Amino acid sequence: MVDPNRVKAFNKERLLDHQKHWGFLSESLNHKGIDVDKILNEIGDFQVAIPSWALGTGGTRFGRFPEGGEPSNLVNKIKDIGVLHTLNKSSGAVSLHIPWDIPKDFTAIKTLANELDIKFDAVNSNTFQDQTNNVHSYKFGSLSHIDPEVRKEAIQHNKEVIDHGVELGSKALTVWLADGSSFAGQHNFRGAFQRTLDSLKEIYDHLPSDWKLLIEYKPYEPNFYSMVIPDWGTSHLLASKLGDQASTLVDLGHHLPNTNVEQIVSLLMHINKLGGFHFNDSKYGDDDLTVGAIKPYQLFLIFCELVQGMRETLNPEPSWMIDASHNLKDPMEDLLQSVESIKIAYARALIVDYNQLKDAQAQNDVATSQSVLQDAFRTDVRPLVKEAIYQRGGALDSLAAYRDLNVRKKLIATRGLDSKSSGL
Ligand code: PSV
Ligand code: MN
């Protein structure tokens, strides 16, 4: 779908302009004593997994407006991620959602992914919807359900997801539960928590020794009175009771308005319990908007904690995934913009002078502390991100290249206008 030679030709036209901007920025970063080559590598190495359901147009419960050419099977989904990765050299991983995307032929899928330089990141179970072959219904919960037979089915599903992941080379299972209650009195909170813990123990015992169990939390939706795992405290409580292989997964959209997410990230890393991260942006709730579209400063502050945590704690590198989807944009364009925002926030966080910040903090110099952060945030790091991607063979402007190469038009021509993606 995307010929690397076309990417080269695309870059050639933009190279002089880029070099002008990059020359200026690299000189000023050097002048500040920043090791430019080191951060170029860090930015280039950073890979964010694409969830297998995100290649189709998102929607709300009121409607969906697909543009056509969507991948209707896993092979085509991986090919689409291959397109993204050819353009941005930053999407070299897929996070499979099971049962939506169980490979029909594991060897063929692995070979294809390998050819496209795509790894299998965390696998995600789904006990928030009833599947066609379900014996029981998850209407009133899954791992927390009052009926042991329903719990058994949900536990079994999670074990099967682990088994699929093992075949592909994944190293983590992400569990997000929709379990909860919508009316006061519906749940016994302690009972629901204890049953969830007991179910998770069985899943945990099925993990290979080099696997992680990532526990995602969410304050509301689809349940509106209580969620069994509503916040990072509950997620951490479960993870700490399960053992070293279990940790918390932070999804940016899963917080009540104005929550200090950067502080949560910092503390979880301090105790080596930040296992995964889902990127998106929001104005009101779990809006799943393009990363960095609404609150870029918060994203930067989160990255400052991630960068310091990766340097100063023993927290293993979290699994990174984009968890955004909506109904207005071409999903591939949305993903390219999300990845670009992530890299910009990361680059800004990498150029913060943390020594100066620590000195200012030690002297209670509030104004300097703020200035140190804002100096990095206000630096236009786009040439730095472009250079990192360009050095890996990617496009100097992935969105413009995607349009220039008419990718969506070609996808529609090959797959048809009414080709729909499975999943959400
Ligand atoms: C739930 O809102 C969530 O964030 C979980 O990560 C799911 O896997 C994903 O969205 C897709 O439903
Ligand atoms: Mn999520």
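This is a predicted model: local features need pLDDT of at least 70, side-chain atom pairs count only at pLDDT 80 or more; totals for chains, interfaces and linings use all residues.
Reader: Which residue in strand 13 is the bridge partner of Phe277?

Author: Residues are numbered from 1 along each chain as its sequence is written, and chains are lettered from A and ligands numbered from 1 in the order in which they are written. Strands of a sheet pair through backbone hydrogen bonds, either parallel or antiparallel. Here, the partner of Phe277 is Trp320. Strands are DSSP runs of E, at least two residues, and helices runs of H or I, at least four, numbered from the N terminus.

Reader: In which sense do strand 12 and strand 13 pair?

Author: Two strands pair if DSSP finds at least two bridges between them. Strand 12 (residues 274-279) and strand 13 are parallel, with four bridges.

Reader: What is the order of the strands in the open sheet?

Author: The six strands follow the order 6-7-9-11-12-13, with parallel pairing. Strand 6 (123-124) and strand 13 are the edges, each pairing on one side only.

Reader: Where is Thr313 found, and why does Thr313 count as partly exposed?

Author: Thr313 sits in the loop between helix 9 (296-312) and strand 13 (319-322). A residue is buried with 20 or more other C-beta atoms within 10 Å of its own, exposed with 12 or fewer, and partly exposed in between; C-beta atoms are placed from the backbone. Thr313 counts as partly exposed because it has 15 C-beta neighbours inside 10 Å.

Reader: How far apart are the C-alpha atoms of Thr313 and Arg408?

Author: They are separated by 43 Å, and the two residues are 95 residues apart along the chain.
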